[in-house]
Amino acid sequence: MDGGTQYNLRTVEEVFRDFKGRRAGMIKALTTDVAEFYEQCDPEKENLCLYGFPNEHWEVNLPAEEVPPELPEPALGINFARDGMQEKDWLSLVAVHSDAWLLAVAFYFGARFGFDKADRKRLFSMINDLPTIFEIVTGSAKKQAKEKSSVSNHSSNKSKSSAKARGSESAKYPKSMQPKDEEEGLDEEDEEEHGETLCGACGENYASDEFWICCDICEKWFHGKCVKITSAMAEHIKQYKCPSCSNKRARP
């Protein structure tokens, strides 16, 4: 339900950009905005769907009334299962259906605008390089990244030793990765250790020129900008809890 938006996605890159924007919005709903998402999925309401938009926003709403709809519709009635399942299982279920919907929308555009076999293959390859929403929500993306990085144990262990030494020298950043201009000389080792790390909110890879912070509860890493934490704010945080973990502890 995109409010009558006119689509003119003529290239693989444009469709992929649309996919990434919608995906980012849905990831926010299921991670950093999970408390708000949970509240909006009231089982007492009618069939509700989770929509992601190209501008990285999300919305819980009723399905489109037009038949057939302009775009493929996401899974109906996600709110009905909310109170009948463990929260993490419910969020995982919504994540799986969200992945399926994103693929359906992307390949709908591919068919509508006449992508040939090579274009469809390239589009899928670009999509497949990103972790799925399910992998991000369940934490399996982080696990896969760890398995990849374990291939080079020696260099990884060396990097970890350096990181620990750095942590003891700079106690004000015990659980954060600072931008590279504040830690010159360690960029290569930092990239080796964290290059496969994915943000628990947006799913993007670690970059040494960005501030990151780690949740002390679930141990997921996040872009500071994704969880609205700056390096200055991190100086005063003794134990950081990400929005998802904070919400779980607050909910009875």
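C199 counts as buried, at 1% relative accessibility, where buried means under 20% relative accessible area, exposed over 50% and partly exposed in between, using a 1.4 Å probe and protein chains only. This is a predicted model, in which local features need pLDDT of at least 70, side-chain atom pairs count only at pLDDT 80 or more, and totals for chains, interfaces and linings use all residues. Residues are numbered from 1 along each chain as its sequence is written, and side-chain values use heavy atoms, with hydrogens and water left out.

C199 is in no disulfide, and the nearest cysteine sulfur, that of C202, sits 3.8 Å away. A disulfide here is a pair of cysteine sulfur atoms within 2.5 Å, and by that rule the count is zero. C214 is buried too, at 3% relative accessibility. Its closest cysteine sulfur belongs to C215 and is 6.7 Å off, so the gap is too far for a bond.

Now the overall layout. The protein has ten helices and five strands; these are DSSP runs numbered from the N terminus, with helices being H or I of at least four residues and strands E of at least two. Buried residues make up 42% of the 252 residues. Take contact as heavy atoms within 4.5 Å: among contacts between residues at least 6 apart in sequence, 65% join residues at least 24 apart.

The largest nonpolar core holds 38 residues, and L30, F37, L50, L123 and I133 touch the most other members. Such a core is a set of buried Ala, Val, Leu, Ile, Met, Phe, Trp, Tyr and Cys residues joined through side-chain atoms within 4.5 Å. Elements giving two or more residues to it are α1, α2 (34-40), β1 (49-52), β2 (58-61), α3, α4 and α5 (133-138), and α3 supplies the largest share, nine residues. Apart from this core lies another, of 17 residues, among them C202, F211, I229 and Y240.

Two residues show who meets whom. Not counting residues up to four places away in sequence, I133 touches R23, M26, I27, L30, A95, S98, D99 and L102. S92 is found in helix α3 (residues 87-112) and is buried, with a relative accessible area of 13%. Leaving aside neighbours within four places in sequence, S92 is in contact with F134, V137 and T138.

On to helix packing. The axes of α1 (residues 12-30) and α4 (residues 117-128) come within 10 Å and cross at roughly 30°; axes are lines fitted to C-alpha atoms, for helices over the stretch in contact, and angles run from 0 to 180 degrees between N-to-C directions. The contact is made by V12, E13, V15, F16 and F19 of α1 with D119, R122, L123, M126 and I127 of α4. Those residues divide into seven nonpolar, no polar and three charged, where Ala, Val, Leu, Ile, Met, Phe, Trp, Tyr, Cys and Pro count as nonpolar, Asp, Glu, Lys and Arg as charged, and the others, Gly among them, as polar.

The V67 to P68 peptide bond is cis, with omega near -10°, and P68 is found in the loop between β2 and α3.
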